[in-house]
Amino acid sequence: MGSKKMMIFVVGALLVCLCATGVLAEDPYVFLEWKVTYGTISPLGVPQQGILINGQFPGPKINCTSNNNIVVNVFNHLDEPLLFTWTGIQQRKNSWMDGTLGTMCPILPGQNFTYKFQVKDQIGSYFYFPTTAFHRAAGGMGMLQIHSRDLIPVPFDTPADEFAVLLGDWYNKGHKTLKKILDSGATIGLPNGIHINGQSGKVGSAPLTPLAIVEPGKTYRYRVCNVGLRTSINFRFQSHIMKLVEVEGSHTVQNVYDSLDLHAGQCVSVLVTADQAPKDYYLVASSRFSKKPLSSVAIIRYANGKGAPASPELPPPPPENTAGIAWSVNQFRSYRWNLTASAARPNPQGSYHYGKINITRTIKIANSRYQVNGKLRFGINGVSHIESETPLKLAEYFGLADKAFNYDLVKDEPSNDKKVVLAPSVVNATFRNFVEIIFENNENTIQTWHLDGYSFFAVAIEAGKWNPEKRKNYNLLDAVSRHTIHVYPKSWAAVMTTLDNAGMWNLRSDMAERAYLGQQLYFSVLSPARSLRDEYNIPLTQQLCGIVQNLPKPTPYS
């Protein structure tokens, strides 16, 4: 009897120890090792220097499940510093791993750094890309897809297979040349073409490697992201319709579309059933709202099609100009949150009633272009962001914010002053406030915005100027929760979110030229409790640079 009691005590003590160390509670890990190098790529048929990950362009797909811990050991074999960001991954309590220049020191040439983050309470389709220099123009991007856990029901039958589709505009000039153009104060101009997974196909050109091989009667999931630098793209499948099932991590009402607009930085998932005569078909990607029409095709091949070629007659694109914008706006408004579907958690998405929460702060964001000493700059509310020698998050954490930046240069209301300030741009935000952000676009080109660390409810897009009366037009029931929003020319867009994720978070234009030349800022969201409940301590392996390089680390949170 005594030996049984001793055994129970030992087992019980062991369980207590395991729980205390988090062993029992830890979610599965995904370990990756990346060797980042230069290599020759030819997305448009013109050889140029590209960025490869383990010899691949696009980079390797990160395939994981909700709540997995992702560990990526990045070896930088470039001749320049390097960082990756994981666009759309919320990095809960962990802006240390967000991969922007405002949160992390770059990985120096010849060195490595290990990213460690959790895809906490997220599902859906995302991508990663480099944030340093103008590396995004050279590749280094790849798909990051998060599946639902087995115990969480998904609102559609398991597809026969999934295919990752990264499409975007491309320049034949190399990334270093493009960076020099921007640094000189000029614009990089219009892109030269569109690629689909690093290739640009034309109707009737040399045989293409199929993007997908499908079997008759089966349904497939295509995760599609616009990883380009600026251009909005419409994509469509020849002779096949698409059922939209996910937008940036949210299950949607499953409407059917012939074609979909996808703006820079955005991702969606569609289901396509192989229900046509067996042969080849084209996936078509074409530019939207661009002075220079661009297009590319990829092959979808039926397994029993015996290589029968696709018809040269492509499905037509949507209208352009004013009619095209109206078409695109209506499509945006047709996207609805699936209120009865579960996302990463068992409870339905619609159990969160965002429309009943009182707004505590309204921030109006107006994008503008400027000339500063003859050089092109872009900005927000009269401030054009420049990078600090010390990452903003590190300066703040070490108590040296006043030596690196000034808070709140960007005001909540844009002014009519045409002057611009060039400085690191950080906006103080109150932890757990429910905020409304209005994006006003007074320019003649479409804009796309992304917010790190959060998803927000995209409640409205309209032409003209915003005023408080416009709130009566908001969708306060089933707007899609997402991390990007596009704004049409001479229009505005409204989003709403709860700032419940402590950290330093980047709000940026998803047009790479604009972000590089200053159209971005950071929200500093600090928890007054300074507690591990709200934010993780700085990782032991975090690289230090700038004014904090040789300083002892502050007292950790508890």
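This is a predicted model: local features need pLDDT of at least 70, side-chain atom pairs count only at pLDDT 80 or more; totals for chains, interfaces and linings use all residues.
Strands β1 (residues 29-41) and β4 (residues 69-76) are parallel, with 8 bridges between them. One of the residues involved is Tyr29, whose bridge partner in β4 is Asn69.

Next come the cysteines. Searching the whole structure turns up 2 disulfides. Such a link is a covalent bond between the sulfur atoms of two cysteines. Counting bonded cysteines along the chain, the pattern comes out as 1-4, 2-3.

One of the disulfides pairs Cys105 with Cys545, with 2.1 Å between the sulfur atoms. Its S-S torsion is about -90°, so this disulfide is left-handed. Cys105 belongs to the loop between β5 (84-87) and β6, while Cys545 belongs to the segment after β34, so the bond ties together parts that are 440 residues apart in sequence. Both ends are tucked away: Cys105 is buried at a relative accessible area of 3%, and Cys545 also counts as buried, at 16%, because the cut-off for buried is under 20%.

The segment after β34 also holds Gln542, which is buried too, with 6% relative accessibility. The Gln542 side chain reaches the backbone oxygen of Trp96, 3.0 Å away. Setting aside neighbours within four places in sequence, Gln542 touches Trp96 and Met97, along with Thr103, Met104 and Phe113.

The other disulfide joins Cys225 and Cys267, whose sulfur atoms are 2.0 Å apart. This link is right-handed, with 115° about the S-S bond. Cys225 lies in strand β12 (residues 219-226) and Cys267 in strand β18 (residues 267-273); the two are 42 residues apart, and the pair links distant parts of the chain. Again, both ends are buried: relative accessible area is 0% for Cys225 and 1% for Cys267.

What about Cys64, and which cysteine sulfur is nearest to it? Cys64 is in no disulfide, and the nearest cysteine sulfur, 13 Å away, is that of Cys225. Cys64 is itself buried, at a relative accessible area of 1%.

Turning to the helices, α2 (residues 175-183) has four residues listed as buried, namely His175, Leu178, Ile181 and Leu182. Around the helix axis these residues cover an arc of only 120°, so they fall on the same side of α2. Their cover includes strands β1 and β2 as well as helix α5 (512-516). Just past the end of α2, Gly185 adopts a positive phi of about 100°.

Another glycine to look at is Gly193, in strand β10 (residues 193-196). With 7% relative accessibility, Gly193 counts as buried. Apart from neighbours within four places in sequence, Gly193 is in contact with Leu44, Gly168, Asp169, Trp170 and Leu294. Asp402 is another matter: 209 residues from Gly193 along the chain, with 45 Å between the two C-alpha atoms.

Key:
Residues are numbered from 1 along each chain as its sequence is written. Side-chain values use heavy atoms; hydrogens and water are left out. Two strands pair if DSSP finds at least two bridges between them. A disulfide is a pair of cysteine sulfur atoms within 2.5 Å. Buried means under 20% relative accessible area, exposed over 50%, partly exposed in between (1.4 Å probe, protein chains only). A polar contact is a pair of N or O atoms within 3.5 Å; within protein, one must be able to donate a hydrogen and the other to accept it, and residues adjacent in sequence count only if both atoms are side-chain atoms. Contact means heavy atoms within 4.5 Å. The arc is that of the directions from the helix axis to the C-beta atoms.
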